[in-house]
There are 2 protein chains.
Amino acid sequence: MTEKGPLAARAYHHGNLPEALAMAAEDLVRERGVHAFTLRECARRAGVAHSAPGHHFGDVTGLLTEVAARGFERLTQRMLTERADATGPAALSAIGRGYVGFALDDPAIFVLMFHSDRVDHGVERLRTAGLASYGVLRETVAAIEHAQDADPGTLDFAWSAIHGLAMLLIDEALPVHAAAPAGDRTAAAEATIARIVAAVTVHPR
Amino acid sequence: MTEKGPLAARAYHHGNLPEALAMAAEDLVRERGVHAFTLRECARRAGVAHSAPGHHFGDVTGLLTEVAARGFERLTQRMLTERADATGPAALSAIGRGYVGFALDDPAIFVLMFHSDRVDHGVERLRTAGLASYGVLRETVAAIEHAQDADPGTLDFAWSAIHGLAMLLIDEALPVHAAAPAGDRTAAAEATIARIVAAVTVHPR
DNA sequence: AGCGCGTCTGGACACTGTCAAGATTATTGT
DNA sequence: ACAATAATCTTGACAGTGTCCAGACGCGCT
């Protein structure tokens, strides 16, 4: 197999079609939303026949599940780079920033990853990718608590609050930041993250 | 117009078709999920021609938007009855319980209400219904703070945490309550709600 | 070399949303 | 009371979709 292409496309008739299809699918979801996603349009963009995707992903659900799994991998990376070598509460607010930032940069895919009946959340690949993201949070909270593993209750709380913040920021239709100057979402997000971190650190272990 | 039917169906050829269609749509979303929802199947269940829904709701988006608005109305009612005449922190945890309970009882519609590109979140009817639900939280928080209106920052925090908790409880695929005995979701929810309420009340106004 | 097998094509089928035109019923004006 | 008008619903059509199927193509292995 050729290990060098200009980018990753350009190898249709042979080469890595699955890769090209997954990328086209991501773009399509981003541009038109989860519901407007179409297998045939995806195949069209990849320059292959309308039934080609089926041979690699079986189903439209299969393809979107792959897209979701890739999303979790990117989310994990983003949280890690954001955290970098920060420690303690600073590390927690850093991954919160990464989490929210990802959601705001890629809202359609973020929603797809968590809540969509067009993906199969029971597939192993997706579950492990999601667990990896979860692991980053667990590590960070455990470090704050100076414990081997994080307290489940604290995890539920932190995970819920950060996830909810990301979700509500996505549909800016909701009045969460009605008071703040429109468009300045990151400021409101930053303040809320600070509260979450405070609630986590203050709590008795 | 006849103001008494056995229930609300049974009046097809004439009567309140919009009502019957909205109900059929709710059931359909519940049974098969948001994505599998189909205008034609909905019409079939209501016993009318496949294009009948279009005349009342215009679009498939129009019908699902109506379903979402009804969802918010039910959510508001549920929070109010759960709160009943409780006051202070108890009132906040009560509406949290109502919020999470609604999400767990009607997960598909809950997700539809907040995150679905099959509904038009800009429609006035839906926005006001959503604002009414939000208003219940605002009232309750304002009462806790002994203020005229609630602090925006506190609202963002509480709203985010409760919403995130509901969302994560819905897809039990996530390891939020992996430690807890499977199926016993309400216990984990109760504990997390307590933490949220504590964080809200403790915070300096 | 030949050959197998994974990869991809093209066609088919049932189903979908939306539109236009027609039929049927209710409501209203006089 | 009765005809006209508006609202409601049906029927038919069209382009587009997901999924299956048999077949063509070309790579890599022995």
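## Basis of the model

The model is predicted, so local features need pLDDT of at least 70 and side-chain atom pairs count only at pLDDT 80 or more, while totals for chains, interfaces and linings use all residues. Residues are numbered from 1 along each chain as its sequence is written, and chains are lettered from A and ligands numbered from 1 in the order in which they are written.

## Surface near DNA strand D

Among the 20 residues around DNA strand D, those that come nearest are L39(A), S51(A), V48(B), A49(B) and S51(B), where near means a C-beta atom, placed from the backbone, within 6 Å. Helix 2 (39–46) of chain A and helix 3 (52–57) of chain B each supply at least two residues of this surface, and helix 2 of chain A gives the largest share, three residues. Helices are DSSP runs (H or I, at least four residues), numbered from the N terminus.

## Helix 1 of chain A

The 16 residues of helix 1 (residues 17–32) of chain A should span 22 Å at 1.5 Å a residue, which agrees with end C-alpha atoms 22 Å apart; the expected span is 1.5 Å times one less than the number of residues. Just after this helix, G33(A) takes a positive phi of about 90°.

## Helices 8 and 9 of chain B

The axes of helix 8 (residues 152–170) and helix 9 (residues 185–202) of chain B come within 10 Å and cross at roughly 170°, which makes the two helices roughly antiparallel (an angle over 145 degrees, taken between N-to-C directions of lines fitted to C-alpha atoms over the stretch in contact).

Notes: Axes fitted to C-alpha atoms, helices over the stretch in contact; angles between N-to-C directions. Parallel < 35°, antiparallel > 145°, perpendicular 65-115°, else oblique.
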